[in-house]
Amino acid sequence: ARQIAFLAECDKLKEIFRQTINSQSRRAENDAEHSWAFCLCVLVLSEHANEPIDVLRVMKMAIIHDLVEIDAGDTFAYDLAAAANQHNREALAADRIFGLLPVDQAQEFRALWDEFEARTTPEAKFAHACDRFQPMLLNARTEGGSWRAHGITHDKARRRGAPVADGSTVLWETIEAMLQDAVAAGHLAPAPK
């Protein structure tokens, strides 16, 4: 019964919308779609991790990492004011949401979420890399999508993507090229001089 209550609660993830837009419909992506795309990135790109990884462990992180946004909401990647208390809001949400599960699963899920947040293991570093890569790819494929809508400049996008290198230098090099192409196409404003 606790597992079913958790699953029912997690359906709310489909109602949490992000600033990133989908490449075809151009509507806002929801957190469930992001989590699916994140998982797909892990499956397809795992060979590019900087270190050997347990892909299943990364997939688990990918599936649960944004469940906290059911309570905490999505914090836009470039909203520094909202980011100031993001971890505290999300930690409280993790306590409540994972607490719906039986104790053993609650502890496992919370440990995976904490590992993702800490970014110290090879799995967490690669998970984080894919989590940042996926919206960068969508922005690049939607003529700047949320970058243009929010006046994001090359330097801000580059700073946001830089931690990807900790998990995958290949993905970071790909982001660097996408950002340069976006500036050249007029889809991302150059850094202010």
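How many nonpolar, polar and charged residues does the lining of the largest pocket have? This is a predicted model, in which local features need pLDDT of at least 70 and side-chain atom pairs count only at pLDDT 80 or more, while totals for chains, interfaces and linings use all residues. Residues are numbered from 1 along each chain as its sequence is written, and side-chain values use heavy atoms, with hydrogens and water left out.

The lining has ten nonpolar, ten polar and eleven charged residues, where Asp, Glu, Lys and Arg count as charged, Ala, Val, Leu, Ile, Met, Phe, Trp, Tyr, Cys and Pro as nonpolar, and the others, Gly among them, as polar. The volume of this largest pocket is about 600 Å³, and among its 31 lining residues Thr75, Gln86, Asp131, Arg132 and Arg160 are the closest to its centre. Helix H8 gives the most to that lining, with six residues.

H8, residues 122-141, also packs against helix H12, residues 169-185, at an angle of about 20 degrees, with the axes 10 Å apart. That makes H8 roughly parallel to H12, a label for angles under 35 degrees. On the H8 side the contact (heavy atoms within 4.5 Å) includes Phe126, Phe133 and Met136, and on the H12 side Leu171, Thr174 and Met178 are among the residues involved. By class, this contact divides into eleven nonpolar residues, one polar and no charged.

Note on methods
Axes fitted to C-alpha atoms, helices over the stretch in contact; angles between N-to-C directions. Helix = DSSP H or I, 4+ residues; strand = E, 2+ residues; numbered from the N terminus. Parallel < 35°, antiparallel > 145°, perpendicular 65-115°, else oblique. 1 Å grid on protein atoms, 1.4 Å probe; cavity = no way out; pocket = protein on both sides within 12 Å on 5 of 7 lines; lining within 4 Å. Points joined across faces, edges and corners; volume = space filled by probe spheres on them.
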